[in-house]
Amino acid sequence: MVNMRPDPSFVYRICHEPRAVFGLFVLSVLTVTALAAPWLAPHDPLEQDLLYSFLPPTWYPQGEGGYLLGTDNLGRDIISRTVYGTRIALVVAVIAASLACLLGTVLGLCAGFFGGKVDLIISRVVDIWMSFPAVLLSIVLVAVIGAGLHAVIIAIVIIDWTRFCRVVRAETMVQKELDYVASGVTIGLSRIQLLLNEILPNLVPLLIVLLSMEMGIAIVVETILSFVGLSVAADTPSWGNLIQEGRQYIHQVPWLLGLPVFCLIFSVVGLNALGDGLKQVIDPVSRR
Amino acid sequence: MTTILKINQLSLCLRYAGISERILRGINLVIDSGEVHGLVGESGAGKSMLGQAILDILPRTAVIESGTIDFDGQNLLRLTPTQRRGLLGSEIALIPQDPMTALNPVRRIGQQLTDTLGLHLKLNRKDALDRACELLEEVRIKHPRRALRQYPHELSGGMRQRVLIAIAFSCKPRLIVADESTTALDVSVQRQVLRLIRELQVSSGTSILFITHDLGVVAKICDRVSIIHSGRILESGAVERIFSMPEHEYTRALLKATPRYDRSKHQFRPIPKELTSSLQSEAREYDRRIRDSVDA
């Protein structure tokens with residue numbers, strides 16, 4: 001059908017996609033929290049006050065006004081630590097997921113488009129890679145590289161590029177058999193131009209979904225590595241460290257776990273929704 | 001009149017899993033500059049394969065066994081891939097069969113139209129867009145500025161086919177292969193599109209190889225026509241001559257098998273089975289001769 005209405009603007013379409021709105025909301029909350037951490041946090045996240053250790057949230061009878069969600073074993077403010085933890089979560093999510101996406105997409109495009117030996121080699125590497133248990137592999141990798149944020153990022157990239165590679169390879173193989181690619185050949189496009197001009201734009205909706213899901217996964221992986229003490233130093237506030245500390249006192253002070261776990265779930269759910277929503281908005285095919 | 005395309009003794013087969021099947025058997029075909037040459041045959045006759053051989057978009061299993069495809073005096077089969085790519089889109093273009101799938105669904109019409117303009121005419125983005133707009137006007141698309149910003153799914157089948165025609169004519173190529181270009185359209189749109197192709201062809205002087213199975217289409221648009229069956233050209237000639245005095249038995253059968261509104265349906269005869277099988281056995285005979293000559 002001929003659509004006589006002018007193409008509604010991008011912003012308009014995003015506003016009418018609830019998942020995208022929710023996802024963008026989550027992402028902006030995370031970004032603002034990370035950037036404005038010094039102003040948002042009521043206390044210094046590293047400031048210890050042993051007199052005020054294990055304070056319950058402020059609405060409990062023993063609660064203190066200044067510590068809204070209570071304090072941990074060393075008397076550090078839970079809210080402040082979680083707020084600063086957002087920085088680490090976001091940095092890992094953005095950098096690790098983008099790099100994994102880049103690596104996996106490049107290799108997946110090559111495997112799917114050129115086929116033959118290139119495909120054989122890349123696909124076998126992916127198969128072998130995926131046969132390792134991911135968490136175990138990441139722990140081993142971080143142990144080899146040495147603990148720290150950069151090691152966490154490298155580990156996530158090295159492990160998770162395969163997710164992108166597989167999906168991109170399969171989709172490239174589908175796309176390259178379609179008529180419009182043959183049309184591209186007949187107007188004289190080279191193979192690289194076909195790959196970048198014709199096939200890659202068709203993968204963008206897919207990549208956005210994968211990327212935002214991967215951001216969620218990266219946050220979880222960072223938390224796991226923090227939890228086992230292989231990410232940032234133990235006193236640095238990260239969600240994984242907070243959960244790890246909370247776990248030790250779960251029977252005495254269960255509220256330690258509450259906020260970091262909520263943040264984790266909130267961001268992963270939000271990022272997944274963002275991916276789904278943006279796919280709807282961006283993909284001119286699934287858009288009606 | 002000069003010859004733009006000369007195909008000489010072209011043979012081609014498909015090879016997969018060790019089995020080889022010959023599709024084209026010693027094709028000879030000459031297209032003069034400025035002529036519309038129809039290529040008519042039933043399904044499986046090899047007509048599309050011939051078009052694909054000219055355009056270098058053969059399936060990977062296809063092997064050209066012998067023959068030449070001379071375009072403007074140079075054998076296309078001898079060119080390097082880069083040289084051939086240089087010709088495609090600028091000198092030789094395609095009007096594809098299915099307008100629903102031949103455009104990239106996620107790129108705007110403007111981007112797809114400017115591909116060739118940037119690639120072969122080296123226009124910058126703004127000039128290319130202006131030219132694209134003119135091209136859309138030439139193929140009678142209303143509101144060309146808006147169409148440039150639209151995606152293929154926002155256009156109707158007929159409009160998409162017009163866009164594809166605009167792309168094919170964009171660099172003023174000397175040969176266009178139209179592979180069943182109007183088959184996917186309904187009859188009334190088909191008429192308009194045929195008239196449009198003919199007009200653009202006349203004004204640009206481009207030669208067209210018009211591949212179709214529809215003799216009605218041939219009568220409307222072609223100057224000369226070749227009849228193909230089992231990978232062999234049975235007969236070539238001017239359209240009026242072929243229609244009034246067909247020489248080959250198959251051509252006569254084909255004309256009788258075309259439903260026409262000015263004849264009663266009793267005059268409509270399907271192609272006799274004996275004729276088809278005798279043509280097929282001739283094709284097998286050809287294959288046998290080739291095999292013997294290779295062995296000897």
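1. Contact between α6(A) and α7(A). In α6(A), residues A134(A), L137(A), S138(A), L141(A), V142(A) and I145(A) meet A151(A), V152(A), I154(A), A155(A), I158(A) and I159(A) of α7(A). Contact here requires C-beta atoms, placed from the backbone, to lie within 7 Å. The residues of this contact divide into 11 nonpolar, one polar and no charged. Ala, Val, Leu, Ile, Met, Phe, Trp, Tyr, Cys and Pro count as nonpolar, Asp, Glu, Lys and Arg as charged, and the others, Gly among them, as polar.

2. Basis of the note. This is a predicted model, in which local features need pLDDT of at least 70 and side-chain atom pairs count only at pLDDT 80 or more, while totals for chains, interfaces and linings use all residues. Residues are numbered from 1 along each chain as its sequence is written, and chains are lettered from A and ligands numbered from 1 in the order in which they are written.

3. Geometry of the α6(A)/α7(A) pair. The axes of α6 (residues 134-145) and α7 (residues 149-176) of chain A come within 9 Å and cross at roughly 135°. That angle makes α6(A) oblique to α7(A). The classes are roughly parallel for angles under 35 degrees, roughly antiparallel over 145, roughly perpendicular from 65 to 115, and oblique for the rest. Axes are lines fitted to C-alpha atoms, for helices over the stretch in contact, and angles run from 0 to 180 degrees between N-to-C directions.

4. The α7(A)/α9(A) pair. The axes of α7(A) and α9(A) come within 10 Å and cross at roughly 155°. The two helices are therefore roughly antiparallel to each other, and their crossing is right-handed. Among the residues making the contact are V152(A), I156(A), F164(A) and V167(A) of α7(A), with I199(A), L203(A), L206(A) and L210(A) among those of α9(A). By class, this contact has 13 nonpolar, three polar and six charged residues.

5. Chain A overall. Chain A has 11 helices and zero strands (DSSP runs numbered from the N terminus, H or I of at least four residues for helices and E of at least two for strands). Its C-alpha atoms fill a box of roughly 75 × 50 × 30 Å, taken along the principal axes. Of the 288 residues in chain A, 43% are buried. A residue is buried if 20 or more other C-beta atoms lie within 10 Å of its own, exposed if 12 or fewer, and partly exposed in between. Among the contacts in chain A with a separation of 6 or more, 69% are between residues 24 or more positions apart.

6. Helix α4(A). This helix (residues 78-114) has 37 residues and reaches 53 Å from its first C-alpha to its last, close to the 54 Å expected at 1.5 Å a residue. The expected span is 1.5 Å times one less than the number of residues. Just after α4(A), G115(A) takes a positive phi of about 60°.

7. Interface with chain B. On the chain A side, 20 residues are in contact with 29 residues of chain B. The elements giving two or more residues to this side are α8 (179-186) and α9 (191-227) of chain A; α8(A) gives the most, with six residues. The chain A side divides into 11 nonpolar, six polar and three charged residues.

8. Two valines of chain A. V181(A) lies in helix α8 of chain A and counts as buried, with 20 C-beta neighbours inside 10 Å. Leaving aside neighbours within four places in sequence, V181(A) is in contact with Q175(A), K176(A), L194(A), E198(A) and I199(A). V281(A) lies in α11 (residues 255-282) of chain A and is buried, with 21 other C-beta atoms within 10 Å. Beyond its neighbours within four places in sequence, V281(A) is in contact with R13(A), I14(A), E17(A) and A20(A). V281(A) and V11(A) are 270 residues apart in sequence and 9.4 Å apart in space, C-alpha to C-alpha.

9. Positive phi in chain B. K122(B) has a positive phi of about 55° although it is not a glycine. K122(B) is found in the loop between α3 (109-120) and α4 (125-138) of chain B and counts as exposed, with 9 C-beta neighbours inside 10 Å. E180(B), also not a glycine, has a positive phi of about 50°. E180(B) lies in the loop between β7 (175-179) and α7 (187-204) of chain B and is partly exposed, with 19 other C-beta atoms within 10 Å.

How values were computed. Left-handed = near helix turned anticlockwise from the far one by under 90°.
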